[in-house]
Amino acid sequence: MRVYLPCTLPALARVVTLGELGPAPLTGYAVTPALVEWYVSGDTEELEYVALTEAARASLRMLAADRADGVRVAARRVVIAAEVPDGSVSAGAELEERARVRLAAAIPMADIAAVHVDDLSAVEDIEAAIVALPAADRGDDDARFALDGAEANDLLWYATQEIPDLIG
């Protein structure tokens with residue numbers, strides 16, 4: 001099963017150093033039965049894009065949490081795409097989280113298929129979204145507009161052999 005896992009550039013560097021993404025349990029996003037039922041007309045590619053988008057939203061929250069902790073991290077969302085055995089994945093139960101899954105084991109580097117990262121041209125939009133996130137959570141429409149601006153930026157695809165260039 002293809003699973004999309006939210007990350008940041010510093011966390012990706014740790015994955016490379018440790019040789020795995022972990023420790024388990026991990027939260028990711030995938031094409032779940034609940035997502036398929038909700039998005040009836042979507043094909044597999046569209047459903048995977050929904051899961052990727054959910055992981056990108058979670059990556060934005062990771063960036064905001066790092067900033068709140070005083071960690072200066074590049075304003076670029078990162079999503080790791082991995083192939084994991086179906087048996088190590090359990091689907092979330094909440095309706096708002098149709099694509100959310102839990103993974104019972106760490107993901108070895110060999111199971112990472114690709115990495116999706118914001119282009120440098122998206123940094124300004126991502127910075128604005130990080131700042132706006134608390135207000136958006138409180139229902140502020142202007143702040144939600146900033147989040148939409150971040151989501152308007154598609155993540156770029158990188159092969160695993162390109163990861164050292166991303167974290168270097």
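**Exercise 1. In this predicted model, find which element gives the largest share of the lining of the second largest pocket.**

Solution.
- Step 1: The largest share comes from α1, with 4 residues.
- Step 2: Elements giving two or more residues to this lining are β1, α1, β2 and β3 (26–30).
- Step 3: Among the lining residues are A11, R14, V15 and L18.
- Step 4: By class, the lining has 8 nonpolar, 2 polar and 2 charged residues. The pocket holds about 230 Å³ of space.

**Exercise 2. Work out which residues of α1 are buried and what covers them.**

Solution.
- Step 1: Take buried as under 20% relative accessible area. In α1 (residues 9–18), L9, A11, L12 and V15 are buried.
- Step 2: These residues lie on the same side of α1, because their arc around the axis is only 160 degrees.
- Step 3: The face turned away from the buried side carries the exposed residues R14, T17 and L18.
- Step 4: The cover over the buried residues includes β1 (2–7), β2 (20–21), β4 (78–83), β8 (112–117) and α6 (163–167).

**Exercise 3. Describe the start of α1 and what follows the helix.**

Solution.
- Step 1: At the start, a side-chain oxygen of T8 comes within 3.2 Å of the backbone nitrogen of A11.
- Step 2: G19 follows α1, with a positive phi near 80 degrees.

**Exercise 4. Characterise the largest pocket by volume and lining.**

Solution.
- Step 1: Its volume is about 420 Å³.
- Step 2: Of 18 lining residues, R57, R61, L133, L147 and E151 lie nearest the centre.
- Step 3: α3 (44–68), α4 (123–137) and α5 (141–151) each give two or more residues. α3 gives the most, 6 residues.
- Step 4: The lining has 8 nonpolar, no polar and 10 charged residues.

Definitions and conventions: Residues numbered from 1 in each chain as written. Predicted model: local features only at pLDDT ≥ 70, side-chain atom pairs only at ≥ 80, totals over all residues. Heavy atoms only, no water. Buried < 20%, exposed > 50% of the residue type's maximum accessible area, 1.4 Å probe, protein only. Arc of directions from axis to C-beta. Contact = heavy atoms within 4.5 Å. Polar contact = N/O pair within 3.5 Å; in protein donor to acceptor, adjacent residues only side chain to side chain. 1 Å grid on protein atoms, 1.4 Å probe; cavity = no way out; pocket = protein on both sides within 12 Å on 5 of 7 lines; lining within 4 Å. Points joined across faces, edges and corners; volume = space filled by probe spheres on them. Nonpolar A, V, L, I, M, F, W, Y, C, P; charged D, E, K, R; others polar.
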